[in-house]
Amino acid sequence: MDTPSIQPGVDGASHEAKTPTASGAATNFLAKKLSAGLSRSNSASSTASQRARRQQPPRPGHVIRDGQIGSFNPVEERDVPGAGRGLFATAAVARHTLLFAEEPLLFAPKGGARIGNHKVKHLTGAALDAAVADAVLALAVYGTNNVATLADDDGGDPDGEVTGGAVYPVFSRINHACDANAAFFYLGVRSQRLGVRALRDLAAGEQIFVSYIGETAAQDMTLEERRESLNSWGFECHCGACVRDMAKKAKEVEKAAEQAGK
Ligand SMILES: C[S@@+](CC[C@H](N)C(=O)[O-])C[C@H]1O[C@@H](n2cnc3c(N)ncnc32)[C@H](O)[C@@H]1O
């Protein structure tokens with residue numbers, strides 16, 4: 001990836017069915033689940049374990065249990081020392097809760113991005129400087145905030161074709177942690193509506209983090225791989241997983257030095 005792209009789906013986050021509205025997505029999802037459940041319960045081979053499985057909470061990625069889009073947004077922006085702004089939970093929320101959903105502020109189709117309305121070749125002097133400064137700022141904002149949009153979000157194809165990048169106003173304020181407590185997903189690729197849900201119970205006042213490099217980064221990648229992947233965002237991660245892995249590494253180095261000194 002040339003620019004840092006937070007990529008739902010590409011990085012393993014999930015996708016809801018193609019429906020234009022979030023409540024539509026929820027209804028569609030529930031309808032699918034319901035019909036699957038009904039056909040199973042009609043079958044003579046329905047077992048206790050199948051029934052128990054149906055009663056389990058939705059798997060990560062299959063959410064939208066609580067709240068309606070727009071009616072339950074327990075989040076607010078705050079300053080975070082050393083990380084600019086961040087997004088925080090304003091109330092205790094249960095795992096799987098949809099925290100908010102939103103439409104993109106801007107969308108740049110793949111291969112066809114435009115930065116503002118400037119025709120730079122017709123500008124000179126101060127106007128050119130201003131246009132270049134605007135473009136650099138816009139690129140920086142776009143580069144560290146865009147999310148890849150996918151052509152096909154039906155069925156959660158992680159290798160789905162990337163159609164472009166979008167910037168979301170609230171989502172843009174969420175900082176990264178490799179062991180994130182929230183995840184993002186599309187509620188319908190046509191509307192490009194992005195949702196963010198809690199991966200675990202959140203306390204009131206807790207900062208919300210997503211992983212820019214995939215929901216399972218802390219398990220699937222080494223500390224070095226994660227650092228490499230996060231390089232273009234311009235910060236070093238000090239999440240719980242990174243602190244733990246750094247301490248482990250320091251111990252290994254210490255042990256190796258001791259052994260070399262023997
Ligand atoms: C999507 S924005 C997140 C919101 C950003 N903090 C802000 O003030 O708008 C991504 C940028 O936030 C900063 N950032 C994100 N996660 C961070 C972290 N764990 N530690 C320090 N800075 C972080 C980096 O500057 C990164 O390029």
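Me: Let's start at the ligand: how do the residues of the shell around it divide into nonpolar, polar and charged?
Reply: This is a predicted model, and in it the shell has five nonpolar, nine polar and two charged residues.

Me: Which residues come nearest to the ligand?
Reply: Out of 16 residues around the ligand, the nearest are Ala83, Gly84, Arg85, Asn175 and Phe235.

Me: And which elements give two or more residues to that shell?
Reply: Those are strand E2 (85-89), helix H3 (125-145) and strand E7 (175-176).

Me: OK, stepping back. How many helices and strands does the protein chain have?
Reply: The chain has six helices and ten strands. It runs to 262 residues, and 31% of them count as buried.

Me: What about contacts across the sequence, what share join residues at least 24 apart?
Reply: That's 69%, taken among contacts between residues at least 6 apart in sequence.

Me: Now the largest nonpolar core. Which residues touch the most other members?
Reply: Leu99, Cys178, Ala182, Ile208 and Val210 do, in a core of 39 residues. Several elements supply at least two residues each, among them E2, strand E3 (98-102), strand E9 (194-198) and H6. Strand E8 (182-186) gives the largest share, five residues.

Me: What does Ala182 touch, leaving aside neighbours within four places in sequence?
Reply: Ala182 is in contact with Leu99, Val196, Arg197, Ala198, Leu199, Ile208, Phe209 and Val210.

Me: Switching to Tyr168: where is that one?
Reply: Tyr168 sits in the loop between strand E6 (162-167) and E7.

Me: Buried or exposed, and why?
Reply: Tyr168 counts as buried, because it has 24 C-beta neighbours inside 10 Å and the cut-off for buried is 20 or more.

Me: Which residues does Tyr168 touch, skipping those up to four places away in sequence?
Reply: Tyr168 touches Glu102, Pro104, Leu105, Val147 and Leu194. Tyr168 and Leu194 are 26 residues apart in sequence, with their C-alpha atoms 8.0 Å apart.

Me: Last topic, H6. What span should its 22 residues have?
Reply: Helix H6 covers residues 240-261 and should span 32 Å at 1.5 Å a residue; the end C-alpha atoms are 32 Å apart, so the two agree.

Me: Which residues of H6 are buried?
Reply: Ala241, Cys242 and Asp245 are buried in H6. Those three cover an arc of only 90 degrees around the axis, so they lie on the same side of H6.

Me: What do the buried residues of H6 pack against?
Reply: They pack against helix H4 (217-220) and helix H5 (223-230). The face of H6 turned away from the buried side carries exposed residues, including Val243, Lys251, Glu254 and Gly261.

Key: Residues are numbered from 1 along each chain as its sequence is written. This is a predicted model: local features need pLDDT of at least 70, side-chain atom pairs count only at pLDDT 80 or more; totals for chains, interfaces and linings use all residues. Helices (H or I, at least four residues) and strands (E, at least two) are DSSP runs, numbered from the N terminus. The expected span of a helix is 1.5 Å times one less than its number of residues. A residue is buried if 20 or more other C-beta atoms lie within 10 Å of its own, exposed if 12 or fewer, and partly exposed in between; C-beta atoms are placed from the backbone. The arc is that of the directions from the helix axis to the C-beta atoms. Two residues are in contact if their C-beta atoms, placed from the backbone, lie within 7 Å. A residue is near a molecule or strand if its C-beta atom, placed from the backbone, lies within 6 Å of it. Ala, Val, Leu, Ile, Met, Phe, Trp, Tyr, Cys and Pro count as nonpolar, Asp, Glu, Lys and Arg as charged, and the others, Gly among them, as polar. A nonpolar core is a set of buried Ala, Val, Leu, Ile, Met, Phe, Trp, Tyr and Cys residues joined through C-beta atoms within 7 Å.
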